[in-house]
Amino acid sequence: MTRGPSDGGQQGADALHGDMDATTAPHRIPPEMPQYGEANHVFELMQNMLEQLLIHQPKDPIPFMIDHLQRDNDYVPKIVILGPPASGKTTIAMWLGKHLNSNLLSVESLIAQEYSSLAADARRHYQKFQTLPNTLLVRLVQERLREEDCVRRGWILDGIPETREQALMIQTLGVSPRHVIVLSAPDTVLIERNLGKRIDPQTGEIYHTTFDWPPESEIQNRLIVPAGVSEGETARRLLEYHRDIVRILPSYPKILKVIPADQPCVDVFCQVCCGQLLKEAMADKSKYGEMIRPFFEKEMAVPDNIIMKVLRQRLDQQDCVERGWVLHGFPRDRDQACLMDGLGYKPNRVFFLNVPFDSIIERLTLRRTDPVTGERYHLMYKPPPTMEIQARLLQSPKDSEEQIKLRTDLFYRNSAELEEFYGRAITLNGDQDPYTVFEYIESGIINPLPKKVP
């Protein structure tokens, strides 16, 4: 459930006052206008068009804009993935390329192009020096991005740019990624990972002797040790990376996302969770926190009117007004939805995830937590690595089959009314791998809402 920043305009207008005549007073914009703009991506369209005009500065803007609109590629993936050696950036880049049906561009793939004289020059230079001059690498990137498949299906840059100079040169050419992902992990973890890295020369897939060993003996037998994975060589490359990355990051201030690479899960969404909000309010000892405390101590449900006061306080903060918000698991019933709607908090996307009851039981009853490290495991999908850890694992009382049945019954009793209230909600099959579900959600966010057939 999301809400864009467009709704903040009316609040700002209402806040202004003073001696103004009719020509200077802020206009009251009907809510239907920004809703239309959001639903049809008018704001993004105008922003992208203005960016392209300022970057390329064509002599005749009209034909340029027509050509740009006909390309219809403003929303294709344009991603940069950076990270130190052994952080997993190539694996993640390969996964993104497959699941987004986009093009993976790395130094190796750029110099391997068969029909490019520029790539042939780059191969000769790389074979001799094991590196490429900044100008040559950026020209390779520019040449590749002009090809039809990159224009239609977008691109993912793996480990490029390598230096601040390359980043500035790429920006000068008008190449603007929509997302820059930087993976981060302690050097000790990265050195350990690198020593166990193995590569399948046929597919290019990366494996690890400890963390990701292929079960097929045929693949095991053909794996090779990549060059430059010794401890000394890895340490040298890490020093070089740390020197360069601190100069690259300021080039992408608003589209940068740093993700811990030594975590089991990638934190993709920035969620505003009501349960977490209530806990924070209580921890802050605010007036709402004091109202909430008795309900938490008695393990009772917090009344809707108090929840809405805490939620309203959070959603009215500047970051939510400017960047929008994501609510997870809220509203829980039609009454809460009506309260939100009455206060003017209207999500522009609502997603319902459907999962069979058997799958819910399998997912939740087998969850365990290590009380020593706090690490979470699943007895089927992510079992503990040793018997010692398995012996001390604990199950949350909330994950008992009885509790799960109660919560599931309550959800389905309320979901029918919620789906009716949010008539344009999108229902997804949640019984798939998380990456596939994320892909469908992302598609539902970036694409216009489907029109209802009468």
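Reader: How are α18 and α21 oriented relative to each other?

Author: In general, angles under 35 degrees count as roughly parallel, over 145 as roughly antiparallel, 65 to 115 as roughly perpendicular and the rest as oblique; they run from 0 to 180 degrees between N-to-C directions, and the axes are lines fitted to C-alpha atoms, for helices over the stretch in contact. Here helix α18 (residues 334–342) and helix α21 (residues 401–421) pack at about 30°, with axes 9 Å apart, and α18 and α21 are therefore roughly parallel. Helices (H or I, at least four residues) and strands (E, at least two) are DSSP runs, numbered from the N terminus.

Reader: Which residues make the contact between α18 and α21?

Author: Contact means heavy atoms within 4.5 Å. On α18 the contact is made by R334, A337, C338 and D341, and on α21 by E417, L418, E420 and F421. By class, the contact of α18 with α21 has four nonpolar, no polar and four charged residues, where Ala, Val, Leu, Ile, Met, Phe, Trp, Tyr, Cys and Pro count as nonpolar, Asp, Glu, Lys and Arg as charged, and the others, Gly among them, as polar.

Reader: What should I know about the model and its confidence?

Author: This is a predicted model, in which local features need pLDDT of at least 70 and side-chain atom pairs count only at pLDDT 80 or more, whereas totals for chains, interfaces and linings use all residues. Residues are numbered from 1 along each chain as its sequence is written, and side-chain values use heavy atoms, with hydrogens and water left out. The predictor's confidence in each residue, pLDDT, runs from 0 to 100; the mean for the chain is 78, and 81% of its residues reach 70 or more. Over residues 2–22 the pLDDT is below 50, although this stretch has 36 contacts in the model beyond near neighbours in sequence. Where pLDDT is low, the predicted coordinates should not be read in detail.

Reader: Is S106 buried or exposed?

Author: Buried means under 20% relative accessible area, exposed over 50%, and partly exposed in between (1.4 Å probe, protein chains only). S106, in the loop between β3 (103–105) and α6 (107–111), counts as buried because its relative accessibility is 11%. Not counting residues up to four places away in sequence, S106 touches D158 and I160. By contrast, E51 in helix α3 (residues 42–56) has 35% relative accessibility and so counts as partly exposed.
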